[in-house]
Amino acid sequence: MYLERVLCRNFRNFKELMLDLNPNLNIFLGANGQGKTNFLESIYLMATANSHRSSISSEMINWQQNKSLVQLLLRRREGKIKLAMRLEKNNKQVEINDNPLDKVKELFGYLNAVLFSPEDLKLIKEGPSHRREFIDLEISQVSPYYNHLLSKYDHLLSQRNKLLKSIREGKSKNREMLPVWDEQLATIGTKIILKRIEVINKLKILARLSQRKITEGRENLELEYDTSLNHFSPKMGEAELRNLFIDSLISKRDQEISRGYTVIGPHRDDIILRVNEMNLRKYGSQGQQRTAALALKLAELEFMKSETGEYPVLLLDDVFSELDGLRRKALINIIADKIQTIITATDGENLSGLKNNSYNVYQVKKGRIKKRVN
Ligand SMILES: Nc1ncnc2c1ncn2[C@@H]1O[C@H](COP(=O)(O)OP(=O)(O)OP(=O)(O)O)[C@@H](O)[C@H]1O
């Protein structure tokens, strides 16, 4: 799939921007603070229904305005699709081919995109929430049903947490209601865990291959789903896992009531990353961590291709200059002509290896973008 055209109206520092993109490579050059990341944000927003930088829509609206529009023309194998998002202070509205959708989350699955930015090191180095977000966004882009499960789970979790707090505050009669919530949380939570494990099993093969390629066979990357449920075995079927989930909730009853929140479930799970059997987060060098972040992104591209039949759009935010020769080569090899890539950089110095394909270069300055004559 590829983007033909991007329109931003009063989005961040773009007043009125309309750009036609190259189906292969698009290079956006500009000094710091000119709007390069803003441009990528406008695209990623349409893939994930959310900004990767801010959860507050109003921050994306140009400071001097009170509403904003992002519109994309996307070409998929089955034809052209027009996606639009209208942002107002407390409201987001999305449209597909000019038809409004009921929920913003229904945008998932039209545009698939993989974003790689310096922030991605957090995926390896920081807490489990970054890895949960990674896997959830990835699955949601190819499975709107999974996204629906996540929303349902979040709702159940917040209701159950309210109940736990009310019991802690002395409304002990509410304790009798807990088993009903346990059942519902376990039903949805089990489906989420099983889907994550299924996807991690695919990703781990792809990420392992990428890591070996980048390191010329020196490093083996392993991914393992780490669940908060005691006595979990990856061989468990849905019914067995659901029972285990309920038993685990019962065994944590007193702890949950005293804390006032749910202590086990997919919202507490993690993905463990190992290189050559060593925990990457705790002991990996900066270089190994960077390589693994790249390997995961490359795996993500291949995973989406295998799920949807088409490569997603690849967004590279100022990462090229930070990659060494081998990592750069691995990235160039995979992009080569088959993935629409939108890349930002402060200067074009390190990008020469990429330009074997057909490409456009754009200059970004103070919220304006101009296509350069190659
Ligand atoms: N809502 C907004 N309205 C107007 N301008 C905004 C808004 N949000 C951010 N900006 C401006 O956008 C600019 C930042 O743009 P962006 O983050 O895209 O920079 P960049 O070109 O990627 O720079 P760098 O190379 O430093 O990452 C800043 O000058 C900021 O003041």
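How many bridges join strand 1 (residues 2–11) to strand 4 (residues 67–76)? In this predicted model, the number is 7, and the two strands run antiparallel. Strands 1 and 2 form a hairpin, with 2 residues between them. The turn contains Arg12, whose phi is positive, at about 45°. Strands of a sheet pair through backbone hydrogen bonds, in either a parallel or an antiparallel sense.

The overall fold was examined next. The chain contains 10 helices and 15 strands. Its radius of gyration is 22 Å, close to the 21 Å that the globule rule gives for 374 residues, so the chain is as compact as a globular protein of that length. Along the principal axes, the C-alpha atoms fill a box of roughly 70 × 55 × 35 Å. Of the 374 residues, 40% are buried. Among contacts with a separation of 6 or more, 70% join residues 24 or more positions apart.

The chain divides into two domains. Domain 1 covers 1–112 + 310–374, and domain 2 covers 120–309. Their centres, taken over C-alpha atoms, are separated by 28 Å. Across the boundary, 17 residues of domain 1 are in contact with 18 residues of domain 2. On the domain 1 side, helix 1 and helix 10 (325–335) are the elements that give two or more residues. Helix 10 gives the most, with 5 residues. By class, this side of domain 1 has 10 nonpolar, 3 polar and 4 charged residues.

Which element supplies the largest share of the shell? Helix 1 does, with 3 residues. The shell holds 17 residues around the ligand, and those that come nearest are Asn13, Asn32, Lys36, Thr37 and Asn38. By class, the shell divides into 3 nonpolar, 10 polar and 4 charged residues.

Leu40 was taken as an example from helix 1. Is Leu40 buried or exposed? Leu40 is buried, because 23 other C-beta atoms lie within 10 Å, against a threshold of 20 or more. Beyond its neighbours within four places in sequence, Leu40 is in contact with Leu115, Leu315, Asp317, Ile342 and Thr344.

Strand 9 pairs with strand 10 (residues 270–275) in the antiparallel sense, over 6 bridges. In this pairing, Leu221 has Val275 of strand 10 as its bridge partner. In a regular strand the side chains alternate between the two faces of the sheet.

Backbone angles in the loops complete the description. Most residues other than glycine have a negative phi. Asn97 has a positive value, near 45°. Asn97 is found in the loop between strand 6 (91–96) and strand 7 (99–100). It is exposed, because 11 other C-beta atoms lie within 10 Å, and the cut-off for exposure is 12 or fewer. His231 also has a positive phi, near 60°. His231 lies in the loop between strand 9 and helix 6 (238–251). With 9 C-beta neighbours inside 10 Å, His231 counts as exposed.

How values were computed: Residues are numbered from 1 along each chain as its sequence is written. This is a predicted model: local features need pLDDT of at least 70, side-chain atom pairs count only at pLDDT 80 or more; totals for chains, interfaces and linings use all residues. Helices (H or I, at least four residues) and strands (E, at least two) are DSSP runs, numbered from the N terminus. The radius of gyration is taken over C-alpha atoms; the globule rule is 2.2 Å times the number of residues to the power 0.38. Two residues are in contact if their C-beta atoms, placed from the backbone, lie within 7 Å. Two strands pair if DSSP finds at least two bridges between them. A residue is near a molecule or strand if its C-beta atom, placed from the backbone, lies within 6 Å of it. Ala, Val, Leu, Ile, Met, Phe, Trp, Tyr, Cys and Pro count as nonpolar, Asp, Glu, Lys and Arg as charged, and the others, Gly among them, as polar. Domain bounds come from an automatic or database domain assignment.
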